[in-house]
Amino acid sequence: MTAACPVLRPSRRSLLLSGALLGTLGLAGCDGVSLPWSTPRATVTLAPMTTAAELQPEMPVYREDWGISPSSERPMAMLVHRERALEADLRAVTLEEPEGVAVPIDPLTTGLVIDGHGKTVRVFASRVVDAARRTVMHTSTDLVEWGSVDVDGGIGAALVAAGDGLVATSQRDGELQVWDVSDDGAATALTPVPVPEGQKWSVQAVGRADDAVLVAIDRKGTSEEAAVVVSSSDGGVTWSAPTPLPGDADQKSVHAIFAQDGAFVLVGSWRTAVDWDEHTRTSRAAAWTGAGAEGLHAEEVPLPRWGLENFHQHDGRGELDPDTPIDFTDLSAGRPVRSPDGSEISVPTWWGDDMRMLRRDADGTWSAGEPKEYVPAYVLEAVGDATGTIFRENGRVYVQEAGSSEEAGLRVDPARGLSVASAATGTGLAGRITWTTSTIDRGAEQINWRSPTYGTAFGAGEGDQLVRRNESLLGTAKPRSVHIHRLDGDLTLCTGVVPVGDPLAEPGFAVEASTDHSTWQSVTGLPRSENDVAVGEASTVDGVHYLPVAEWIFPEDGGPSVLTPRLYSSTDGIAWEAVPPPMPDHPEPEKAALGAHVDVMTSVDGVLIGLGSVIDALDEWSPVTFVQDGESWRTVPLGGAVRGDSIAGVGDDGVHGSVAGRTGRWSLTADGTLTETYRADDRGRRGPALDLGEGALLAGGWIDVPAGTEGDDGEVGIGACLWASLDGGESWQATMLPGQEGRFPDVHVRAQGDDVLVILDDPDVPHGYWIRGARADVLGEEGE
């Protein structure tokens, strides 16, 4: 007879102190017995905070939009995704329904992709239930009556693109997956597209023409061209090798793929050189066509004409006449749609409030619309055809019929962004909530446009509430790039930049300081600049405060502006002085053709080191360290750097940033060498860790491990989480954050004495939690 194994429930703390527990108890011979305490699990206890009404937007915030092609049964439309209090709303805005008609998605939907150019519009809406994604396909031919079916077929990864009855999911375990979804919701997987090791691929668009399938991809983690396509001629059984999109340009992207006469038309944008200045490159609409990846060629898409007399561009093109092509500024490309018979394609293009229509005829010829009445706002996104336009500005989605100047539309608020100071605590200022609005002032003799960043500072108030905090106004102007910096000695800096050319304010950067989080004073020793300025992160290094700054300076002999580092130091945070800054002395000078930027200063073994980037002639940024060597600086490039690598800052667990487009970390030595120590993958991400002591670590991040796919560590879940470790980072366990299933906001953790403040970067309002007695909580010491 076999003896029953004892049921023992020692505390987690006793397990930490008893490495030979199982052997001592003689349980190794208990076959088939689960021992839940054999691997202690770190968890955290969350005390939820409320968010003050003063931090909440008036309207639902904008999340995303899609263009819908017209058919014999429906008009052209824009589907607009809004969100409020973690609940989703989707509306079909048309010229006839400017407020939008509701699409019946579940309010808890966290993922949306749209197949909007066929006879039937398909809306794929996914949410997470019991740690698994469940997707519903909503279908309509007229955008009024909708049917719904569950999508069945084992789609576990996030949907990222849809078109012509196909959907694509995010990269998973070294593969991209495309699925064929039938009208009844059955999903059939095509052969996976392999992704080379170390690279991150993102699907931009997918299309199908009979048995031919084309997938447009943006890739990181490689020094080769980012924009590529892969294709299949046998319905997705086999795939071609990745082929770069043709054309002498960079920053290529694909917005939509249309099947036409057995071939494909890809519509998107790129950045290309102008013929009047060798250093200037501007963005504009682009298009490609062909039967597959290897047969694509770029089409000629004309630029719209300026259309006005007596104008001059002071910093480039010079005199502008009505027939001057608009190649002296970036032109945005909107959402493409095709005509009901599929023969023509329309895509809006604009700068500011000047929007034109680009049209592709049935024979493949593109034309640009003539100048017309300007729209009543600074355009952020648009869809249009011969019947009119639907466009989004800061606070509304407008509709405008052809030949009419009347507008009305759906209200939105801009999505909020969150910045939390690296050394922030729960007291005083924790960070800022920001949003950007763009305005344009069109006069008879001058045109001015601004994109200021508005926002408010916040922190933890009484009653476990996130509240608005008093902050420096930085003068009467509304500066952009306002940031809160927390330094040693309970010192807070507020910095902002007023861009050159702002008609309402003196350009330069402004800085004010506070030692009590409520009263502010101007600092001294920081000169205003006549050039555009970028401000890095202030830090305290070996008892000295440092503030890195960079200026875009035009060389005296002409040519493009060069980003030139400046460095200031202070012992009290009030009186600052210039000190010799890091200067790019790169072993490959072409890598630093446009200068350098220092993000933050730190030190190793008493050696002062700047963390930052150098910039090449194509505006590609490459991470480097700047090591002080006496009175000079030495530039140390990141070994093996590829597209998608960048440095963000430094914390308890080393230098953090992005590795091949994924969250990563490096260790730093006194000679400036960075050695990779962590790289996120498809299944999870951990941000910078807080060291709580005694082996307890805590980090914000996310997990994407659907139920039934968990690995040896047993972790399962989809969405934002807190990662905790009991053993100094040898193993990590995830605690899901309430209401965040299927959502992936940034999660910030900041120490406040023995407690930890957790702040989530949700798009409408910040959500916060306290972890009281964080070290004891993670180690499981409660009640002992």
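What share of the contacts in the chain with a separation of 6 or more is accounted for by residues 24 or more positions apart? In this predicted model, such residues account for 46% of those contacts, where a contact means heavy atoms within 4.5 Å. Because the model is predicted, local features need pLDDT of at least 70 and side-chain atom pairs count only at pLDDT 80 or more, whereas totals for chains, interfaces and linings use all residues. Residues are numbered from 1 along each chain as its sequence is written, and side-chain values use heavy atoms, with hydrogens and water left out.

The chain contains 3 helices and 65 strands, which are DSSP runs numbered from the N terminus (helices: H or I, at least four residues; strands: E, at least two). Of its 784 residues, 53% count as buried, that is, they have under 20% relative accessible area with a 1.4 Å probe, protein chains only.

A search of the whole structure for disulfides, defined as pairs of cysteine sulfur atoms within 2.5 Å, finds 0. Cys494 is buried, with a relative accessible area of 0%, and Cys721 is likewise buried, with a relative accessible area of 0%.

Terms used
Buried means under 20% relative accessible area, exposed over 50%, partly exposed in between (1.4 Å probe, protein chains only).
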